[in-house]
Amino acid sequence: MATVLAPPHHYLNDGYGIKSWLLTRDHKRIALLYLASITFFFFVGGLFAVLIRLELITPVGDLVSDETYNKLFTMHGIMMVFFFLIPSIPATLGNFLVPLMIGAKDLAFPRLNLASWYIFLLGGLFTLYALVTGGVDTGWTFYVPFSTTSSTSNVIPAALGIFVTGFSSILTGLNFIVTIHRMRAPGMTWFRMPLFLWSMYATSVIFVLGTPVIAITLLLIAAERLFHFGFFDPALGGDPVLFQHLFWFYSHPAVYIMVLPAMGVVSELVAAFCRKQVFGYTVVAFASLAIAVLGFLVWGHHLFVAGESVYAAMIFSILSYLVAIPSAVKVFNWTATMYKGSISWATPMLYAIGFIGLFTIGGLTGLFVAAVGIDVHVTDTYFVIAHFHYIMVGGAIMGYMGGLHYWWPKISGRLYNEFLAKIAAGIIFLGFNLTFFPQFILGYLGMPRRYHAYPPEFQVLNVLSSAGASILGVGYLIPFFYLMWSLRYGPLAGSNPWSAVGLEWTTTSPPPTENFARTPTVTWNAYEYGEPIESHVA
Amino acid sequence: MAGRVDALYFFLVAIAVFFSVLIAGLIVYFAVKYRRRSPTDVGQPVTGGTLLEIAWTVVPLMITMVIFVWGASVYFAMASPPSDTLNVYVVGKQWMWKFQHLDGQREINELHVPVGRNVKVIATSEDVIHSFFVPAFRMKADVIPGRYVNLWFNATKPGRYQLFCAEYCGTRHSGMTGAIVVMEPADYQAWLSGGAPEGSLASGGEKLFASLACNTCHRSDTQGRGPVLTGLFGKTVMLEGGGTVTADEAYIRESILMPSAKITAGFQPIMPTFQGLVTEDQLLQLVEYVKSLK
Amino acid sequence: MSPDAAAGTVPHPTHLAHQFDDAGQQREAASLGMWVFLATEVLFFGGLFTTYLVYRNWYPAAFAAGSHELLIWAGTTNTAVLITSSLTMALAVHAAQTGNRRLLLLFLLVTMALGLVFLGIKGFEYHTEYVEHHVPGAGFQFDPANAQHAQLFFSLYFLMTGLHALHMIVGLGIMSTMFWISWRGVITSEYYNPIEVGGLYWHFVDIVWIFLFPLLYLIARHAH
C-alpha cells in the first residue's frame, strides 16, 4: 500500500485563528463548532444522570433534597433532549456530510448555517443561566398547571432558552431541504442519493413543521406565567390538557428527529461494512418519509391516561402501531443486507449492530405502550423510561457514535485507536443494558417515574441500574480521550480508509474547503459495491 | 382486570423475546458466517426477495392489529364502570390524597373498601395534575383540576395495596403515596360504623345549599328562577340554543363553577358563578346533595 | 448546467454566491428557502389558531361578546390597508424584474408607509382596549354574564394580533433593508432575489391578517 500523505490544503488549515472559526461559512467548520457544543451539553446532561442514579441507589432520599432531585431530572431531560439529541447527528454529521454526499461546495445558505450555531449557543447559554441561578423543576415536559402556577423555579428563562434554540433547528432543516432539492451534483437523482440523505431530508421536514409548535407552546407557558392569561387555568375556563396536546404535537415527532438520522447513519454503516447495496434501498428511503409523516399523527398516545376520550385513545393507538411498521421494515432490510455481505467487525459496524439490536428491543417495547390497556399500567413508570432510553441511547446515541467513528477519518484526516474503540463500544453496550433493562421490570412492578425516594422492595433493581450507569459513564468517556488523542497522534487516514462507496470518500481526508476539486458527475447508484472496490477509490 | 392486563402483557413479552432473539440471532450468525476473509472482498448482490419484503411488512402489521384490538378491548372495559358501584370521591392535592366516602367518612392517603365490590373512585385535583395509580389493580388515571375523572376496580383479595401519585406534581411528588385497604365485608362494616362526625356528604351539601342561598332560585316547585333539581341527576337536559347534556357529577360541578357554559332551555343566564367561593370538598358535598334529591 | 459551470470556470457575477453553480440555481434556492420558512410560520401561528378554535368552540357566547367590543372600523380599515400594501409590494417586485429602480424605490416606500399606517391603527386600538379595561389581568372588566371567558378571548386577541404586529415590524425592517440595497444599486433585472423573497414574506404577513380579521372581529356579526 502506498504511504499515506496528508493533503496540503484542506478545510482545517485554511485559515487559522479564532476569527476564521467564529466567522466561518464553511459547513465543515460549523459542524465542528456544533460538535464541540453538543459534546459539552452531553456531559452536562450526563453529569445530572450520574447524580440521579447515585441518589437512587438507596430507597430514601439521602443524597440530595427532593427539590434538588426534581431539578436534576428536569435538567437532565432538557439538556439531553433539546441540546444534545435533537441537534446531534443533523448539526454535526449532517452539516459536514450533506454537501459532500450531494457533490456540492456548501449548503444552500452558509451564513444562515453559522447563524443557526450562534442561535443554538445563545439558547443553550440562556438555559444554563436558568440552571446556574437556581434550576428548573417542572420536568422537561413543563406540564401545566404546575409549571405556570405552582413551580417557583426558573421556568421562564428555561422555556425561553429552548424557544431560542428551536430556531437553530428550523434553520438547519430549512438549509438541508433547499440543498437537497436544488444542489445535487449532475447525475445525482433522488434515487441515487445515499440513504443518509433521505433520512436527513425526512428529519428536516419534521424540524421545519414540528419545531414551531413547541416554540409557540413555550411562549404560551411564559405568557401564562407572566400575565395569567388563563389558557390552561380551569378557573378562567382554560384546559390544562390542551397544553399536553400542543406540547406532544411537537415532542412526539421530535423523537423521530432523534432516531431518523441515526437510522440514516446505520444504513451507511451497514452498506460500507458489508460492502453491499442496502437491501430494498427504495423501501428504506420511503420508510424514512413514512416515519416522518406518520410521526405527526400519533401524539395522543402520550395522553392515554391524561383525560383523552376513549375514542381518541383508540385512534392514536392504531396509528401508533402503523408508525412502527416502517421502522420494523428497516430493521429487516438491514439484517437482510448482512446476508451474503463481506462483513467487517470494525468499530462503526459494532455500533451499527448494537443499534439494530437495541432499537429492536426499544421498538418492541413500544408495542407495549401503544396498547392502551397496557399503557394504563406502565405509563408514568420506569417502563416508559426504559422504553425511550433504549431508543434514544441504545438507538440514537449508538448511531451517533457509529457515524462519528466511521467519518472521523474524513473529518480529521486521522485514524483512531481501533482496539480502544472496540473496548469502549463493548463497555457502552454492557453498561447500557445493565442500566436500562432492570427498569422495564421496575416499571411493570409499579415504580413511578420522577421519584426521589421509593419503597424498599424496588432497591435491588435500582442498584443494578445504577451500577450499569457507572459502567456506561466510563464507556462514554473513553472515546472522548482516544478521539482527541488521534487528532495529534493518530496515523494519517487517506481519502478512503474503509474502501467505501460514496462521494465523500472520493475527496481528500480532510476535504478541501470547497469539498471537491471538480464538481463530480454521478453515474452510479448509492452503494455499487459489485465492482472491484478500487474503481471508486480516489 | 389485572389478570386481563397481565395476559396481554406476557403475550407481548413473548412476541418481544421472539423477535429480539430472531434479529439478534440472525445478526450474530451473519456477522460470523459472512465475516470478511480478505481485505478486497465485497458482498454478493442479492436480487429479488419482493415476496419476503411483502411478508415482513404484512405479518408485523397483522400482529400489531391483533395487539391493538386486544389492548383496546381491555381499555374499553377499564373505561366502562358498571352501574352498581360503591362510589368514593378523592381530591388530590399537593401532596396528599383526600378521600370522601358518601356517608361522610374522610380519609387521608388511605382508602378502605370491601372486598369483592365494584368500587368507583371519582377524582379531581385541587391544584396541579396528579395521577391516581394502584399498581396491584393495574389502574391509573391522571387527576386533573377542573374536572372529574372516574376509575373503577373490584378487589378480589383483602390486603393493603400501594397507592402512588404517578404524575410529577412538585417537591413531594414521591411522598404522595398511600394505600387501598381491602377488607372482608364484616371488617369493613365494623370500620364504617366508626362513623363520621360531620354526617354524610349529602347532608353537608344540604347545609351548603342553604347557606350559599342556592335554594332561593332552585326551589322544589317551578316558581324559581332556576331549574328544579329534584330528580335531575342522570336525566338528559335540554339546553338553550339546542343540544342536550346528561346531568352527571361533572355537569353539576360545571354548573356551579361556570353556569353560563350550559343554560337549561327556557331559563335565563343569570346564575352567578361560585368559582372561588367553594372548595373542592364543598363541591363534592353539593354534588352528592343534588344526586340525593329524588 | 453548462459544461463551464460544471468545471467551475464561468466568471462569477458579483451577486452569485460561491456555493451555487449559476444564478438560476441561486434564485430557485432563495425562493424555496423562503417558502419553507413560511411553512414554519404557518405552524407557529397554527398553535395559537388551535387554541382559539378550542376555546371559541367551548365558549361561543363569551367570544361573540368579546368580539363585538373590538373596533370593527379599525379592523376593516387595516384589512384594506394591508391588502393594498400587498398590491404595492407586488408592483415593487415587478419594478425590480423590469429594472425600474425609481418605481421599485417608490413602491417599497409606499408599502412601508402602509405598514406604518397599519401599526398606527393597531396601536390606537390597543390604547382603546386598555382604556376600556379589556386588557387581561388584574384590571380586566367585562359584563359579568360573560366575564370569565371573555378574558380568554381578549388574551387570544392580544397574543395573536401582537405576534402578527411583531411580524409586521420585522417586515418593515426587511423592507428598509431592501430599500437600502435598491438605493445602492444592488438590485438589477438579473438579480432581484431579495425583493422577490421579501415580497413573499410580506404577502404571508398579509394572509395571516386575512385569517385573523374575521376570526377575531366578525364573530356572529350578522346577528347584530
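**Entry 1: helix H12 of chain A**

I began with H12(A) and found it mostly covered, with 24 of its 24 residues buried. I note at once that the model is predicted.

I then checked the length of this helix. At 1.5 Å a residue, the 24 residues of H12(A) should span 34 Å, and I read 34 Å between the end C-alpha atoms, so the two values agree.

**Entry 2: chain A as a whole**

The C-alpha trace of chain A spans about 70 × 45 × 45 Å along its principal axes.

I next compared chain A with a compact globule. For 538 residues such a globule would have a radius of gyration near 24 Å; chain A has 23 Å, which agrees. Of the 538 residues in chain A, buried residues make up 66%. I also looked up the contacts in chain A with a separation of 6 or more, and 85% of them are accounted for by residues 24 or more positions apart.

**Entry 3: chain A against chain B**

How many residues does each chain bring to the contact between chain A and chain B? I found 75 residues from chain A and 70 residues from chain B. Sorted by class, the side of chain A that touches chain B holds 46 nonpolar, 22 polar and 7 charged residues.

**Entry 4: chain A against chain C**

I repeated the look-up for chain C. This contact takes 34 residues from chain A and 31 residues from chain C. Helices H7 (155–182), H8 (195–227) and H9 of chain A each supply at least two residues of the side that touches chain C. Here H8(A) gives the most, with 9 residues. By class, I recorded 23 nonpolar, 7 polar and 4 charged residues on the side of chain A that touches chain C.

**Entry 5: domains of chain B**

I noted the division of chain B into domain 1 (2–29 + 49–78), domain 2 (86–192) and domain 3 (201–292). The centres of domain 1 and domain 3 of chain B, taken over C-alpha atoms, are separated by 49 Å.

**Entry 6: cis peptide bonds**

I looked up the bond from Ser509(A) to Pro510(A) and found it cis, with omega near -10°. Pro510(A) lies in the segment after helix H16 (459–489) of chain A.

In chain B, a cis peptide bond joins Gln94(B) and Trp95(B), with omega about -5°. I placed Trp95(B) in the loop between strand S1 (86–93) and strand S2 (96–101) of chain B.

Arg138(B) sits in the loop between strand S6 (130–134) and strand S7 (139–143) of chain B.

Is Arg138(B) buried or exposed? Arg138(B) has 24 other C-beta atoms within 10 Å and is therefore buried, the cut-off being 20 or more.

For His133(C), also a residue other than glycine, I noted a positive phi near 60°. His133(C) lies in the loop between helix H5 (101–131) and helix H6 (147–183) of chain C. I counted 11 C-beta neighbours inside 10 Å, so His133(C) counts as exposed, for which the limit is 12 or fewer.

Notes
Residues numbered from 1 in each chain as written. Chains lettered and ligands numbered in written order. Predicted model: local features only at pLDDT ≥ 70, side-chain atom pairs only at ≥ 80, totals over all residues. Contact = placed C-beta atoms within 7 Å. Nonpolar A, V, L, I, M, F, W, Y, C, P; charged D, E, K, R; others polar. Helix = DSSP H or I, 4+ residues; strand = E, 2+ residues; numbered from the N terminus. Expected span 1.5 Å × (residues − 1). Rg over C-alpha atoms; globule rule 2.2 N^0.38 Å. Domains from an automatic or database assignment.
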